[in-house]
Amino acid sequence: ALPIYPSVVSLREDLQRWLDHRPLGIARPGLTYVATRFVRRHRAAVAVAALAILGLIATSVTALWQAHEARLMAARADHARTFLNALFLDANPYDAKRGAENVATILHDAGERIDTEFTDAPDMAILLRSTIASALLRLDQPKSARELYLRNLEQAKALYGAQAPQVGEDLSNMARSSEDS
């Protein structure tokens with residue numbers, strides 16, 4: 001059934017409302033109809049508001065992701081700190097009971113433990129292994145250092161690719177450990 005206008009003035013007002021993208025006065029409009037007319041009337045403002053909302057959502061998601069990454073990195077750093085703290089307590093060079101050979105054994109054992117303790121942080125494992133291997137070289141233990149550098153080389157290739165700078169650094173460390181033997 002078509003709506004019946006009580007007067008020509010009412011019809012003229014509804015025609016003007018229709019041309020202005022406003023809800024018609026003859027019928028009780030639904031929410032969707034009113035919203036559609038509003039969006040048509042204020043396209044630019046609605047577009048700007050939608051972009052602002054999308055920007056806020058994107059910023060929030062990015063902030064949450066960065067917070068998660070920061071927590072993960074903090075946990076890894078704490079794990080490395082705990083590992084190194086225990087290592088240094090075991091390898092105290094001022095302890096009269098321990099000589100350089102015992103310290104080298106402790107460092108070698110710590111290098112072996114890295115594979116099991118840092119499975120979730122291969123980049124941290126590479127860094128710690130390199131540090132321990134360097135200390136072993138200073139203690140005149142090139143064979144143990146070379147084993148750690150070799151493990152680093154394998155892991156760096158798997159993690160970064162064969163052409164990565166980290167692989168070149170590990171190859172250089174391997175050569176240095178071979179020179180010292």
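User: What makes Arg151 and Glu154 a salt bridge?

Analyst: The closest N and O atoms of Arg151 and Glu154 are 3.8 Å apart. A salt bridge is a side-chain nitrogen of Lys or Arg within 4 Å of a carboxyl oxygen of Asp or Glu, so the pair qualifies. Before we go on: this is a predicted model, where local features need pLDDT of at least 70 and side-chain atom pairs count only at pLDDT 80 or more, while totals for chains, interfaces and linings use all residues. Residues are numbered from 1 along each chain as its sequence is written, and side-chain values use heavy atoms, with hydrogens and water left out.

User: Why are Arg151 and Glu154 said to be separated by about one helical turn?

Analyst: Because they sit three residues apart in helix H6. An α-helix has 3.6 residues a turn, so residues three or four places apart point the same way. Helices here are DSSP runs (H or I, at least four residues; strands are E, at least two), numbered from the N terminus.

User: Why is Glu154 called partly exposed?

Analyst: Its relative accessible area is 44%. Buried means under 20%, exposed over 50%, and partly exposed in between (1.4 Å probe, protein chains only), so Glu154 falls in the middle class. Arg151, at 29%, counts as partly exposed too.

User: Which other residue forms a salt bridge with Arg151, and how far apart are the closest N and O atoms?

Analyst: That's Asp115, at 3.2 Å. This pair links distant parts of the chain, with Asp115 in helix H4 and Arg151 in helix H6, 36 residues apart. Asp115 has a relative accessible area of 30%, so it's partly exposed. Asp115, Arg129, Arg151 and Glu154 are linked in a network of salt bridges.

User: How many salt bridges are there by this rule?

Analyst: Six. One of them joins Arg81 to Asp78, with the closest N and O atoms 2.5 Å apart. Both of those residues lie in helix H3, three residues apart.

User: What makes Asp170 a charged residue without a partner?

Analyst: Asp170 is buried yet has no salt bridge, and the nearest side chain of opposite charge, Arg129, is 7.5 Å away. Lys and Arg count as positive and Asp and Glu as negative, with His and the chain ends not counted. Asp170 lies in helix H7 (residues 165-179). Leaving aside neighbours within four places in sequence, Asp170 is in contact (heavy atoms within 4.5 Å) with Asn152, Leu153 and Ala156.

User: What counts as a nonpolar core here, and how many residues has the largest one?

Analyst: A nonpolar core is a set of buried Ala, Val, Leu, Ile, Met, Phe, Trp, Tyr and Cys residues joined through side-chain atoms within 4.5 Å. The largest has 22 residues, and those with the most contacts inside it include Phe83, Ile114 and Leu128. Helices H3, H4, H5 and H6 each give two or more residues to this core, and the largest share, seven residues, comes from H5. Apart from it lies another core of five residues, among them Ile126 and Val167.

User: What makes the phi of His21 worth a look?

Analyst: The value is positive, near 60 degrees, in a residue other than glycine. Most residues other than glycine have a negative phi. His21 is in the loop between H1 and helix H2. Asp140, in the loop between H5 and H6, also has a positive phi of about 60 degrees without being a glycine.

User: Why is Asp140 called exposed, while His21 is called partly exposed?

Analyst: Asp140 has 57% relative accessibility, so it counts as exposed. His21 is at 27%, so it counts as partly exposed.
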